[in-house]
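Please open the model in a viewer with the residue numbers displayed.

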Amino acid sequence: MLLNIVHGTESGGFIVVEDTVKYSGREILKCFINAAIKRGEDVHVLGFETSEAELRAGLDSSSGQKIHFHKGHPDPLGWTCKSSVTVQQFNTPDITRLVQNTPHTKAAVLIVDSLSFILRHHQPVVICRSLQELKKVGVVKTIVGLLHSDLHLQGVVKSVCHLANAVISVAPANNEHCGVAKTTRRTKSGKLMQEEEYFDVSEDAALSVKTRTHQPGHVQTEPDKPKADPTSNLTFNLRLSKKEKEAKEKVALPFVFSQEKKSALLRPTPGTGRITYEPDAYDDFDEEDPDDDLDV
Amino acid sequence: MFPELNSILSSSPDSFRSGDFIVLSDRQADASFLIHHYLSFYLRAGCKVCFLGLVQSFSHYSAVSQRLGVSLTQAREKGQLVFLEGLKDSIGVISQEESSQSKLPLSYLRSPGAGLECLFKFVESSVSQNTENEDGEKWGPPVLLIDDLSVLLSLGVSAGAILDFTLYCQATICSELQGNIVILVRREEEDVDDEGSNLLQKGLIHQCSLALHVEGLPTGYCRDIHGQMEVWWRSREDAMYNQRKVFHYKVHDKGASFFARGTSSALL
């Protein structure tokens, strides 16, 4: 499912890449850029947290014109007037203008690095509204945002994730070089799909999904080793020969009811008693209320 | 400068990676020996150093550095070291008239809500001024050291504003000038639910390329082992990417020794 979302075979919309200090999700973000360029789409990057050079590293250098880097990085708040974009410009009209300034032939992808920085400077409500409007206006086909989920209150993270069509949460796997991605996707019909996958990102920002874990918390079992037989070298005998086995099966066990035993016990013998019961006036035969003789 | 730590991090004053953002943190222990290590390390490497000493006086750092074989007074006279003495300068900021101090680096003392733009401007100008020594040679890449950043939280600056400040420093010093940053933060006890210091530390770890965390021994006080230090390589260029290793340490009069867990000389 992760591959499908990154390569855009499943419909666009808003995608959140959620990470914590334990594992950075920026590599996945790069995979999104790389995949979009390979599809021939234009990529608009709103970069506040990393420099252009750092994000471009490893990407195909010939793809230069396809990436439109809206530089927010060295000066995201406008302290030194070095940047073309400040965090104040994160609203629908400004972003629409930025995207439409460059003519494209195909649908565009907007990469936001990172939503956490924007959340530090805007109210969550404002951001959610802007994102929703951007989705509706349709200047970009896909919006991909990186969110450091451990820097915000849970409620804020959840409300941003609610807007998303897909949420990818990354975490480290036992092996340090690959990570685990838990992908939750909402289809158009509203159905939720979830999958956990191991992934690895190579130097040139290509994503490879390694093995799939089918259930959350599923532990990979090691390939079966030939099991050592503990009864192989014993000084006494634990096994039965064929003859011994037959003899053993013939023995009737003392407390097992055979058909003969049962019928012998159930046959009525002369001299056995019988119980007869005649109800008297005080007996209560009312099935409806068995307690009506009680003085309550 | 501690040679043992250098070999753990495989760096030396002659060859170290530039563009690094190093976060030092501590909890129930004192990580300031690492600040002294980095101060003497970068001065020996011939870097242009900007030091924001917010918790101790210049003479304190100077006395410790003397023991480690580096003279801060000389470095300051040569123009290699720019030292902001937070303790001394803050009185001036508080007692001065409102109008004259709007551009001072410590203006956050008066208006903590306004952000740390002035402090950043100070850092930016001090790493770009006097980039040559008296022989006309250029200093090495600029380095910013801060001891310690959590003090700003106590003074009323929000964790978000501090993270903005470090982001600007990182953009200017690490990305643009290919220099290094070393920042110390202190963490409250685990059970104290201190939103600010928690957020600050996590935010810094998101930004950094190397995190050193110092803690007391979980088993309690020990005469021969002063605590443990966790090294967390976070730079993707590193072969050790996203690996963590724990070492025990002991701080001596002139230096510190680091050893793998269980290999203290008191045990073997």
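Begin in chain B with the hairpin formed by β8(B) and β9(B), which have two residues between them. Helices (H or I, at least four residues) and strands (E, at least two) are DSSP runs, numbered from the N terminus. The model is predicted, so that local features need pLDDT of at least 70 and side-chain atom pairs count only at pLDDT 80 or more, whereas totals for chains, interfaces and linings use all residues. Residues are numbered from 1 along each chain as its sequence is written, chains are lettered from A and ligands numbered from 1 in the order in which they are written, and side-chain values use heavy atoms, with hydrogens and water left out.

**The hairpin strands**

Select residues 244-252 of chain B, which are β8, together with β9(B): the two strands pair in the antiparallel sense over six bridges. Two strands count as paired if DSSP finds at least two bridges between them. His252(B) has Gly255(B) of β9(B) opposite. Five of the six residues of β9(B) are buried, so the rest of the structure largely encloses this strand. Buried denotes under 20% relative accessible area, exposed over 50% and partly exposed in between (1.4 Å probe, protein chains only).

Next select β1 (residues 21-27) and β6 (residues 210-215) of chain B, which run parallel and are joined by six bridges. Here Val23(B) lies opposite Ala211(B) in β6(B).

**Rings and charges**

How many aromatic pairs does a search of the whole structure find? Over all chains there are 19. Rings of Phe, Tyr and Trp (its six-membered ring) pair if their centres lie within 6.5 Å; planes under 30 degrees apart count as stacked, over 60 as edge-to-face and the rest as tilted.

Move to chain A and select Phe48(A) and Phe117(A): their ring centres are 5.5 Å apart and their planes at 25 degrees, so the pair is stacked. Phe48(A) is in the loop between β2 (42-47) and α3 (52-56) of chain A, and Phe117(A) is in helix α5 (residues 115-121) of chain A, 69 residues apart. Phe48(A) is buried at 1% relative accessibility, and Phe117(A) at 0%.

Return to chain B for Tyr249(B) and Phe258(B), a tilted pair at 6.3 Å centre to centre with 40 degrees between the planes.

Finally, select Arg244(B), whose charged end sits over the ring of Trp232(B), 3.6 Å from its centre. The charged end of Arg76(B) sits over the ring of Phe58(B), at 4.1 Å from the centre. The criterion is NZ of Lys or CZ of Arg within 6 Å of the ring centre and within 35 degrees of the ring normal.
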